[in-house]
Amino acid sequence: MRIERVELRRISLPLVTAFRTSTGAQYHRDVLLVRVEGPDSEGWGECVAMNEPLYSAEYVDSAHAVTRAHLLPRLLGRRLTPEEIGPALAAVRGHPMAKAALEMAVLDAELTAQGRSLAAYLGAVCDRVPSGVSVGLPGPGGVPELLDTVAAHLAAGYRRVKLKIEPGFDIEPVRAVRERFGPDLALQVDANSAYTRADAGHLARLDPFALVLIEQPLAEDDLAGHALLSGQIATPVCLDESITSAVVAADAIDRGACSVVNIKAGRVGGYLEARRIHDVCRARGVPVWCGGMLETGLGRAANLALAALPGFTLPGDISASDRYWRRDVTRPFVLDGGYMALPGGPGLGVRPDPGFLAEVTTSVEEITPSG
Ligand code: OSB
Ligand code: MG
């Protein structure tokens, strides 16, 4: 498509419940949405960068700034296929979430024009995926509050539970959840880099609880530490923040740093790189699952398409709209027997509701080749 016009829109959406991790609490999301327009198509992209640079160096204001000043000038007025977006932006270092949002919008526009779904384009092999839920650290209610939250999610049908952990909130909550919900619950934990190599002995105390995996225990740049830790604990090590590309994924696996990979398209620069990571992992027999970044329905639709690829053999963090939002910007995604159906339809298969979008919009910029 020829990229003739781009809209950068910021929206503010309150979360239904505060989301706490070892890096801090989130009460609302300030999301950058991108709309690209060509001669006969338009498409939407969602930038998953968070409000603050706590999960990643990249955050929503940095993504917005780099998009306006450095990414759009490389795309506007040019005729580009979705596959050409990554290469066109490669000279700009870093900023994968900003790049991913642009590629997503061009994929949506191009595939919508072709009448083809993103899922079919990526190589989906199913039309629904099992749904997991990521449970934040509890508030003042502590472990009893956590048990109530998990009970409510299981009653809603979620097929896998992930608990956020941090030093001082790890062994006991895991023990409590395992004891209350029994051995059949698919249970995993996510540390968001809160531990160090010196914590290996402590993390080995999670071994008796038969966790599916522990996600990102150590620092993002510590592949060697994760390889050491993998030999010291029985729980499989999964990487999230560390996996920034297909090259890094192959390296991490080949060095024994992880035996499972969390794939997030935003973290790796887009759905095409995400698919390459899937391919690298699948070739090595490493299971992958689709992570989440508290997306709106736009990002959720794209994540569902990705999670329908054959290597996604573990349930991901793709939860129903009502786990995040009182009202989603698209039609709501719902659970059906613990599964979520792919939207179907061309492109993402969903559109934002213009009226609701207008209500939650905090700023809009229209950018054309002339500026
Ligand atoms: O580490 O997986 C993470 C949300 C924001 C940033 C990082 C993470 C998360 C989640 C929630 O765990 C996943 C979701 O439900 O979208
Ligand atoms: Mg994570």
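Q: Hi! Which ring does the charged end of Arg160 sit over?
A: Hello! In this predicted model, the charged end of Arg160 sits over the ring of Trp289. The distance to the centre of that ring is 5.2 Å.

Q: OK, and what about Arg128, which ring face does that one lie over?
A: Arg128 lies over the face of Tyr339. Here the distance to the ring centre is 3.6 Å.

Q: Switching to rings with rings: how many aromatic pairs does the structure hold?
A: It holds one aromatic pair. The partners are Tyr324 and Trp325, with ring centres 6.2 Å apart.

Q: Why is that pair called tilted?
A: The planes of the Tyr324 and Trp325 rings are at 35°, so the pair is tilted. Planes under 30 degrees apart would count as stacked, and those over 60 as edge-to-face.

Q: Are those two residues buried or exposed?
A: Both Tyr324 and Trp325 are buried.

Q: New topic, the ligand! Where does ligand 1 sit?
A: Ligand 1 sits in the largest cavity.

Q: Which residues come nearest to ligand 1?
A: There are 16 residues around ligand 1, and those that come nearest are Ser134, Asp190, Asn192, Leu294 and Tyr324.

Q: Which residue has a polar backbone atom 3.3 Å from a ligand oxygen?
A: That is Met293, and the oxygen atom belongs to ligand 1.

Q: And how much of ligand 1 does the protein bury?
A: Taken alone, ligand 1 exposes 390 Å², and the protein buries 97% of that.

Notes. Residues numbered from 1 in each chain as written. Chains lettered and ligands numbered in written order. Predicted model: local features only at pLDDT ≥ 70, side-chain atom pairs only at ≥ 80, totals over all residues. Heavy atoms only, no water. Phe/Tyr/Trp six-rings, centres within 6.5 Å; stacked < 30°, edge-to-face > 60°. Buried < 20%, exposed > 50% of the residue type's maximum accessible area, 1.4 Å probe, protein only. Lys NZ or Arg CZ within 6 Å of the ring centre and 35° of its normal. Near = heavy atom within 4 Å. Polar contact = N/O pair within 3.5 Å; in protein donor to acceptor, adjacent residues only side chain to side chain. Areas by Shrake-Rupley, 256 points an atom, 1.4 Å probe, with all protein chains shown as cover. 1 Å grid on protein atoms, 1.4 Å probe; cavity = no way out; pocket = protein on both sides within 12 Å on 5 of 7 lines; lining within 4 Å. Sits in = over half its atoms within 2 Å of the grid points.
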